[in-house]
Amino acid sequence: MITQQSIPVRPPLLTPTTRRIIFIVLPLMYLAGVIGLQVESLQPVFRPLIPLNLLASLGLLLLFHTDWNRSFLLYCVTAFLVGFFVEVAGVHTGLIFGSYQYGSALGWKVWEVPLVIGSNWLMLTYASGSICDRLSAPAWVKALIAAALMVGLDILIEPVAIELDFWSWNSATIPLQNYVAWYVVSALLLLLFYRLSFSKDNRLAPLLFLLQFFFFGLSTLFIFW
């Protein structure tokens with residue numbers, strides 16, 4: 001276990017009232033996103049907001065983190081960079097997730113990959129890791145379970161991502177390789193998450209992860225209706 005002194009930080013803006021407001025506003029953001037992205041007349045307004053929603057979700061999640069130390073910052077930087085560069089390698093080689101390319105919906109790209117993708121890997125691994133940290137199990141078991149949550153979410157994400165031009169596949173079906181790679185990359189990042197010494201408790205993480213399932217699950221139903 002990597003150990004070092006924690007520096008507990010509870011941002012002053014997060015008063016009990018502020019936390020309650022966030023717990024109300026965040027679900028409304030996701031509900032508005034479901035409606036706005038499915039109603040054709042609203043799509044020109046809501047599509048440009050997709051990367052902003054992801055960044056706002058990550059920002060709010062991090063506001064609820066209270067153990068800001070070097071280990072935590074190391075995890076944030078590592079998860080962002082690994083998530084981003086594994087996607088760069090995936091897009092340019094087709095050897096990791098399969099043959100695919102990103103569309104325009106996720107915003108600015110570097111090396112054909114949206115920058116926000118690194119933030120998404122950080123947000124989802126952190127949230128799933130925080131949720132599974134509540135389990136009475138060894139760290140490696142928690143990592144494997146949290147990675148399974150990640151893959152379950154990706155199953156819901158895929159049809160919505162294709163419909164909204166997040167990304168597209170060069171094959172008629174989504175390759176099994178994609179889900180295997182998602183699991184492996186997620187598990188490795190989550191092993192690091194549990195290996196590093198910082199508080200894993202985050203009160204917003206369960207709600208945020210549930211909202212991800214809600215958004216993509218409900219959007220999938222709209223797509224196939």
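Let me start with a definition: a residue is buried under 20% relative accessible area, exposed over 50%, and partly exposed in between, using a 1.4 Å probe and protein chains only. Thanks for coming, everyone. What you see is a predicted model, where local features need pLDDT of at least 70, side-chain atom pairs count only at pLDDT 80 or more, and totals for chains, interfaces and linings use all residues. Residues are numbered from 1 along each chain as its sequence is written, and side-chain values use heavy atoms, with hydrogens and water left out.

First, the overall picture. The chain has eight helices and four strands; these are DSSP runs numbered from the N terminus, with helices being H or I of at least four residues and strands being E of at least two. Reading from the N terminus, the order is α-α-α-α-β-β-β-α-α-β-α-α.

How does the radius of gyration sit against a compact globule? For 225 residues, a compact globule would be near 17 Å, and the chain has 17 Å, so the two agree. That radius is taken over C-alpha atoms, and the globule rule is 2.2 Å times the number of residues to the power 0.38. Along the principal axes, the C-alpha atoms fill a box of roughly 50 × 40 × 30 Å. Buried residues are 47% of the 225. A contact here means heavy atoms within 4.5 Å, and of the contacts with a separation of 6 or more, 80% are between residues 24 or more positions apart.

Now for the charges, counting Lys and Arg as positive and Asp and Glu as negative, without His or the chain ends. There are 11 positive and 10 negative side chains, and the centres of the two sets are 17 Å apart. Each charge is placed at NZ of Lys, CZ of Arg, CG of Asp or CD of Glu.

Let's zoom in on two buried polar residues. Thr-125 is in helix 5, residues 116–132, and counts as buried because its relative accessibility is 0%. Which side chain does Thr-125 join through a polar contact? That partner is Tyr-75, at 2.8 Å. By polar contact I mean a pair of N or O atoms within 3.5 Å; within protein, one must be able to donate a hydrogen and the other to accept it, and residues adjacent in sequence count only if both atoms are side-chain atoms. Leaving out residues up to four places away in sequence, Thr-125 also touches Ala-79, Met-150, Leu-189 and Leu-190.

Asn-202 is in the loop between helix 7 (176–195) and helix 8 (205–224). Its relative accessibility is 0%, so Asn-202 is buried. Beyond four places in sequence, the contacts of Asn-202 include Leu-61, Phe-64, His-65 and Arg-134.

Finally, some backbone geometry. Most residues other than glycine have a negative phi. Trp-111, not a glycine, has a positive phi of about 55 degrees. Trp-111 lies in the loop between strand 2 (109–110) and strand 3 (113–114), and is exposed because its relative accessible area is 53%. The C-alpha atom of Trp-111 is 9.0 Å from that of Val-91, 20 residues away along the chain. Val-91 belongs to helix 4, residues 70–93, and at 14% relative accessibility is buried.

Asp-165 also has a positive phi, about 65 degrees. Asp-165 is in the loop between helix 6 (139–163) and strand 4 (167–169), and counts as partly exposed at 33%.
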